[in-house]
Amino acid sequence: MSGCSKRCRLGFVKFAQTIFKLITGTLSKDKIEDELEMTMVCHRPEGLEQLEAQTNFTKRELQVLYRGFKNECPSGVVNEETFKQIYAQFFPHGDASTYAHYLFNAFDTTQTGSVKFEDFVSALSILLRGTVHEKLRWTFNLYDINKDGYINKEEMMDIVKAIYDMMGKYTYPVLKEDTPRQHVDVFFQKMDKNKDGIVTLDEFLESCQEDDNIMKSLQLFQNVM
Amino acid sequence: MAAGVATWLPFARAAAVGWLPLAQQPLPPAPEVKASRGDEVLVVNVSGRRFETWKNTLDRYPDTLLGSSEKEFFYDAESGEYFFDRDPDMFRHVLNFYRTGRLHCPRQECIQAFDEELAFYGLVPELVGDCCLEEYRDRKKENAERLAEDEEAEQAGEGPALPAGSSLRQRLWRAFENPHTSTAALVFYYVTGFFIAVSVIANVVETIPCRSSARRPTREQPCGDRFPMAFFCMDTACVLIFTGEYLLRLFAAPSRCRFLRSVMSLIDVVAILPYYIGLFVPKNDDVSGAFVTLRVFRVFRIFKFSRHSQGLRILGYTLKSCASELGFLLFSLTMAIIIFATVMFYAEKGTSKTNFTSIPAAFWYTIVTMTTLGYGDMVPSTIAGKIFGSICSLSGVLVIALPVPVIVSNFSRIYHQNQRADKRRAQQKVRLARIRLAKSGTTNAFLQYKQNGGLEDSGSGEGQALCVRSRSAFEQQHHHLLHCLEKTTCHEFTDELTFSEALGAVSLGGRTSRSTSVSSQPMGPGSLLSSCCPRRAKRRAIRLANSTASVSRGSMQELDTLAGLRRSPAPQSRSSLNAKPHDSLDLNCDSPDFVAAIISIPTPPVNTPDESQPSSPGGGGSGGRSNTTLRNSSLGTPCLLPETVKISSL
């Protein structure tokens, strides 16, 4: 009840203030709080040369990337909502928000809640121009939702469910309830070498490197830029 | 899709790396897309209009885009200028800020567009110069109000369909707040309105003098005394309804504390309290006098109408927002009254038989005169009194006329806002529907593309060119991305029609035939299982080891899984999306009998046709065997080379 009494007290104070204002006829001043709207968080990336040195992109590519980035996010940072909206535009059939959330966490390496251009570009550099090792490590980091260094079945289940959510309702064949679970089981069977229920980074790297399919597919995204 | 989104496509595609370990089939190859910078004068090219300025000018504000190294990202080395793809008219204002130090706000531009430009160039809105600041802030506030209204309306309005599992309380509250959501709520709404009206009318009629009974024809009584029972019953009924309504609202309110303090609930309480007090007060004369005054509060029931009438609410809201002006009016009037009353009193003091017996008595005269009522029950008789009296009436007109326009303009603004909000809400639905219709084109583009057989391999050269309309690079890449997702999840995108067909077929699924097939994919030494119906497939993994050997080891295979019952082997009709075999879909994994899978082996040029030979049935068979060649379901057009679809039954 303390909250209630505090509110009552505040209400009384406000009432007294209103009476006072009525008598003196002061015009209502704009409240200071209204003025301090969310100050625009503005972030400027490091210089072009530095980024070029840190990533595997050329200057030209960085320019192109930045222009697009800046257009969508003039403030220089992407927050999760914008990220989800952008990603959702590519998957109009289903609901991409959960997967976008995990993706966002994978991009936001410093866990600040916003992705700056540097984070964005370094992640892209790994995904598009990195070594196989780096790519696989990035993917492991994506699957490891709580970033504890291990992937357990629940995390995998969440990821797979999020991916299936992106497919939407109208799929062929019809999506069953336990399709994601089966998918996860297959995955674990493949990845979990010592069958202890969790996949470590080494197991993951090893299993992926044994898999021709995955290796071949990793080369697919070379020319995305 | 918005042009800006195109620039994010590479990132979305790169993020697809995250699907790779999960994908049970290899992802399709990427499309081949032909692809495609002491004191000096800088040229800034904004959408074709060239602005030239000294470098120093821009350096004056180093924490903005143009003043920092961020502009290097926009430098075009070949032409030696900085190119920005933005509005050149707005840029003029931005550049002027650098030159003069004052940021001006263009009068004819939309305030939000201006804000966006400022955000892009890194200028804080506070930099708007004093000359334009007031207007800028006003326009911005107006905009913000309008947007907030929209959001509120969306949240509070018909938009949110309550989740199915909402409690009785939530539903009740929603019915109270938005009576048009359900018929019961509407009925309740009208019933309470009716009873409020009845109660108010009864209160009024109660006091009308009725001719009393024949016993005393000359004496007139108010109707309330003549028919006390009838009025009492009516009052009881109304109060019962109001009490019930109040208690229900109290129960349903999400925050009871807040509800108790709200104005409407206070009005409710005040409206019904006199009745209850009257019930419990003993009918002796001392108290009943006080009780009678309490009955006055019954008139507050008329305020309950404000829930029903929007106009009343607007009026109330206006008065609330004009509180300061009203207060000013009141205060200045009071001052004037006291001054003039004093003057009049002393002016008329000498006269005998004067009405101005004291200063408070003169208040009445002053008020009546200042508001130009002029009842005439008190008039000054001395000359001085008359002079001051006329000054009083003239100043009265002035004092009252001043704050009134402010109040009127406030009311008009709020009223129009409300009207606009209603209009906008009505148009919103139509607007959204049209936007959705326009957008559905892109949603279906991928499905259309698949229908036209675009997903087949590039091996079949001209065939493909004929069927598939040329797509832009963006479309190609986007479709590739969606295709990758399909491969990862082993499910395909379809449209609603096909989906409902499939759903219907699944529910019909029986188990007539025991034809089973298992698909598998050779991934090298057999530990890896990439079938899409893994439960079945897992068990058959071992058995498949043999059969996989002969299956194509092509670089890309499409794997479709369906379990089906076989109807008569009549030539199948092609559905809109998939040339479904005459098997209907039945992912009936519970059935221990069968899982049918179709392997379709497209023809990458690498594969030789030999590899698509039907495999020898592996393992021990159970039940019926069938080896059928079925058309690949997903590549439906004549363009595709029908490759073997193997079903090996076990």
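Of the 225 residues in chain A of this predicted model, 44% are buried, that is, they have under 20% relative accessible area with a 1.4 Å probe and protein chains only, exposed residues being over 50% and partly exposed ones in between. Chain A exposes about 11,400 Å², of which carbon and sulfur atoms supply 55%; accessible areas come from the Shrake-Rupley method with a 1.4 Å probe. The chain has 12 helices and 5 strands, assigned as DSSP runs (H or I, at least four residues, for helices; E, at least two, for strands) and numbered from the N terminus. Among contacts in chain A with a separation of 6 or more, 59% join residues 24 or more positions apart, a contact being heavy atoms within 4.5 Å.

Helix α5 (residues 80-88) of chain A has F83(A), I86(A) and Y87(A) buried. Because these buried residues fall within an arc of 95° when seen down the axis of α5(A), they line one face of the helix; the arc is that of the directions from the helix axis to the C-beta atoms. They pack against α4, β1, α6 and α9 of chain A, together with α2 of chain B.

For chain B, the mean pLDDT (the predictor's confidence in each residue, from 0 to 100) is 72, and 67% of residues reach 70 or more. The predictor gives the complex an ipTM of 0.73 and a pTM of 0.51.

Residues are numbered from 1 along each chain as its sequence is written, and chains are lettered from A in the order in which they are written. Local features need pLDDT of at least 70, side-chain atom pairs count only at pLDDT 80 or more, and totals for chains, interfaces and linings use all residues, while side-chain values use heavy atoms, with hydrogens and water left out.
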